[in-house]
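Please keep the sequence and the structure in view while reading.

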Amino acid sequence: MAAAQGVAVITGAASGFGLELCRLAAASGMHVVLADVEAQALARAEAEIAALGAHTLACVTDVAQGAQVQALADATLARFGAPTLLVNNAGVSSGGLAWENTEADWHWVCGVNLMGVANGLRSFTPLMLDAARQDPAWRGHIVNTASLAGWQAAPTLGLYNATKFAVVGLTETLHHDLALVTDQVYASVLCPALVPTGIVHSERNRLHSAAQTATASQKAGRSLVEVGMAQSRVSARDVAVQVMQAVGKNQFYIFTHPEQMGPVHQRFDDVRQGRAPTDPFAHLPMVSAHLRSLLRQGRG
Ligand SMILES: NC(=O)c1ccc[n+]([C@@H]2O[C@H](COP(=O)([O-])OP(=O)(O)OC[C@H]3O[C@@H](n4cnc5c(N)ncnc54)[C@H](O)[C@@H]3O)[C@@H](O)[C@H]2O)c1
C-alpha cells in the first residue's frame, strides 16, 4: 500500500453520501474511520472499504450522543492520529406541517442533524488544531453536511429545514472562528438538493423514540421527496466527487445542483425587497396546488 494520504473520519458512513465519500477517501489512499449508528450496514461498509486496501476503523456511533462522538475521537486519535478530513454527515429527515412534529420528532432530528455536527466539532476540532500547531505543513478540513433545505424553506419540511439552516449558520461561523486561530484548518458546507439515498427511510435508525402514525402532510411531504429523488440526475457518488474536489481547493460552499438555485436567489430577492417569502415550489404550480387541495380537504 502507498503511504497514507491522510485520515478521513466520516459520520453516516454506512449509506448514501457517507459511503461514497468513504470509497473516494480509500481510493485516494486515506485511512478511513467509518462511524454510523446502523451496526450491520456499518460492518458491510467497513468490509468493502478495507477490501479497497484502506486501513479502516469502524465505530458504531450515535452522533446525537456527545459521549459516543468523544469515544470516536479518542479511538481515531489512538489508531491514526488527528483526522485531516472530518465529514459531519449523518442525518435524518422528518416532514409534516410545522406544528405537527412531536416533541420526540424535534429531539430526534435536531439530535442527529444539529447536535451531531456540534458534537463532531467539539470532539475533533481541538485534535486538528493540536496537529496543526505541531506541524506547520499539516492541513485539515471539516465538511458539515447541510442541504439546499438550509437555504430554501419548502413547505412540509419545517423541522428538517430548521436543522439545515442551523448547520449552514454554524459552518459559516466555524469558517470565521477557524480563521481567527489558524491558517491550516478549513471548513466547507455541503448543500445538495434531492439525491436518491436511504434518507427517505430514516426511521430505520430512530433509536430513542418511536414515530407516530404519519399525518396527511407527512405522507404528502414524503411522496414529494420520493418523486424529487426519482427525478434526480445527480447521484450520491456525484455529490461525493464534488465534496472531494471542493476540499482539494478549500471551497467553502458546495452547491451540487446549480440548476436548482432559483428559489434560493428568489429568497435573497424577497429579503432585499422586504417581501414575504415566495413559495419555493412557485415554479412548480402543480405541486403547490396538489398540496393545498390535499391538505385543505384533510386527506392524505
Ligand atoms: N439524499 C438527499 O437528497 C440529501 C439532500 C441534502 C442533504 N442530505 C443530507 O446528507 C446527509 C447524508 O444523508 P444521505 O442522503 O446519504 O442518507 P442515508 O440515509 O443514505 O445516509 C445517512 C446515514 O446516517 C446514518 N445515521 C442516521 N442516524 C444516525 C445517528 N444518530 N448517528 C450516526 N449515524 C446515523 C444512517 O444509518 C445512514 O447510514 C444527511 O445529513 C442528509 O440530511 C441528503
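## A loop residue

Leu 194 sits in the loop that joins S6 to helix H6 (216-231). Helices (H or I, at least four residues) and strands (E, at least two) are DSSP runs, numbered from the N terminus. The model is predicted: local features need pLDDT of at least 70, side-chain atom pairs count only at pLDDT 80 or more, and totals for chains, interfaces and linings use all residues. Residues are numbered from 1 along each chain as its sequence is written.

Why is Leu 194 counted as buried? Because Leu 194 has 22 C-beta neighbours inside 10 Å. A residue is buried if 20 or more other C-beta atoms lie within 10 Å of its own, exposed if 12 or fewer, and partly exposed in between; C-beta atoms are placed from the backbone. Leaving out residues up to four places away in sequence, Leu 194 touches Val 225, Gly 228, Met 229 and Ser 232. Contact means C-beta atoms, placed from the backbone, within 7 Å. Leu 194 and Arg 233 are 39 residues apart along the chain, and their C-alpha atoms are separated by 9.5 Å.

## Helix H7

H7 (residues 236-248) has 13 residues. Ala 236, Val 239, Ala 240, Val 243, Ala 246 and Val 247 are buried. They lie on the same side of H7, because they cover an arc of only 125° around the axis. That arc is taken from the directions from the helix axis to the C-beta atoms.

Gln 245 and Gly 248, on the other side of H7, are exposed. The cover over the buried residues of H7 includes H1, strand S4 (85-88), strand S5 (140-145), strand S6 (185-191) and strand S7 (253-255). After H7 comes Asn 250, with a positive phi near 50°.

## Nonpolar core

The largest nonpolar core has 73 residues. Such a core is a set of buried Ala, Val, Leu, Ile, Met, Phe, Trp, Tyr and Cys residues joined through C-beta atoms within 7 Å. Helix H4 (residues 103-134) gives the most to this core, with 9 residues. Ala 13 is among the residues with the most contacts inside it.

## Ligand shell

The ligand is surrounded by 30 residues (C-beta atom, placed from the backbone, within 6 Å). The closest are Gly 12, Gly 16, Gly 91, Thr 197 and Gly 198. Helix H1 (residues 16-27) supplies the largest share of the shell, 3 residues.

Technical notes:
The expected span of a helix is 1.5 Å times one less than its number of residues. Two residues are in contact if their C-beta atoms, placed from the backbone, lie within 7 Å.
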